[in-house]
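Please keep the sequence and the model in view while reading.

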Amino acid sequence: MTPTTELRTKLRKLLDEQIPAGGSDTDTRFLDADMDELLIEAANIYEAAAAGWTLKATMFQREVGQIQSYSVGQERYEMSNPKDLMEYALKMAETYSRMAASGMGSVILKFKPPEVL
């Protein structure tokens, strides 16, 4: 696909990678160049989202530390389990992969009316 601003924005929504107000693409896991690469290599937006979620699974593994929980006084903090985050990302990738394979999306058809005598 040819990347456009609209496609990049939609892909960011599908990947849950919104640019914060007043921020830029460097404030997310995917730069605009990364989004463009996903879009160029994909046949449709859902295929790009599936590839993006697969990449996010590996990012989660790197981003989340080894500490599962800790407490300070009476306060207790629990971190997300890297395995749970990775499984979630892979399930999202599988969902979008199925959507891509089923041909979900828009199709534009043009019909030429028959000539009537």
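## Terms and model

A residue is called buried when its relative accessible area is under 20%, and partly exposed when that area lies between this limit and 50%. The model discussed here is predicted.

## Thr28, a loop residue

Thr28 sits in the loop that runs between α1 (5–14) and α2 (32–41). Its relative accessibility is 14%, and because this value is under 20%, Thr28 counts as buried.

The side chain of Thr28 has polar contacts with backbone oxygens. One is the oxygen of Asp25, reached at 2.8 Å; another is the oxygen of Phe30, which lies 2.8 Å from a polar atom of the Thr28 side chain. Beyond residues up to four places away in sequence, Thr28 touches Arg12, Glu17, Gln18 and Ile19.

## The largest nonpolar core

In soluble globular proteins, nonpolar side chains tend to be buried together. The largest nonpolar core in this model has 23 residues, of which Leu11, Leu15, Tyr46, Trp53 and Tyr96 touch the most other members. At least two residues of this core come from each of α1, α2, α3 (45–63) and α4. Helix α3 gives the largest share, nine residues.

With neighbours within four places in sequence set aside, Leu15 is in contact with Phe30, Met35, Leu38, Ala49, Gly52, Trp53 and Lys56.

## Thr95 in helix α4

Thr95 belongs to helix α4 (residues 82–101). Its relative accessibility is 30%, so Thr95 counts as partly exposed. Thr95 and Ala50 are separated by 45 residues in sequence, while their C-alpha atoms are 7.5 Å apart in space.

Notes
Residues are numbered from 1 along each chain as its sequence is written. This is a predicted model: local features need pLDDT of at least 70, side-chain atom pairs count only at pLDDT 80 or more; totals for chains, interfaces and linings use all residues. Side-chain values use heavy atoms; hydrogens and water are left out. Helices (H or I, at least four residues) and strands (E, at least two) are DSSP runs, numbered from the N terminus. Buried means under 20% relative accessible area, exposed over 50%, partly exposed in between (1.4 Å probe, protein chains only). A polar contact is a pair of N or O atoms within 3.5 Å; within protein, one must be able to donate a hydrogen and the other to accept it, and residues adjacent in sequence count only if both atoms are side-chain atoms. Contact means heavy atoms within 4.5 Å. A nonpolar core is a set of buried Ala, Val, Leu, Ile, Met, Phe, Trp, Tyr and Cys residues joined through side-chain atoms within 4.5 Å.
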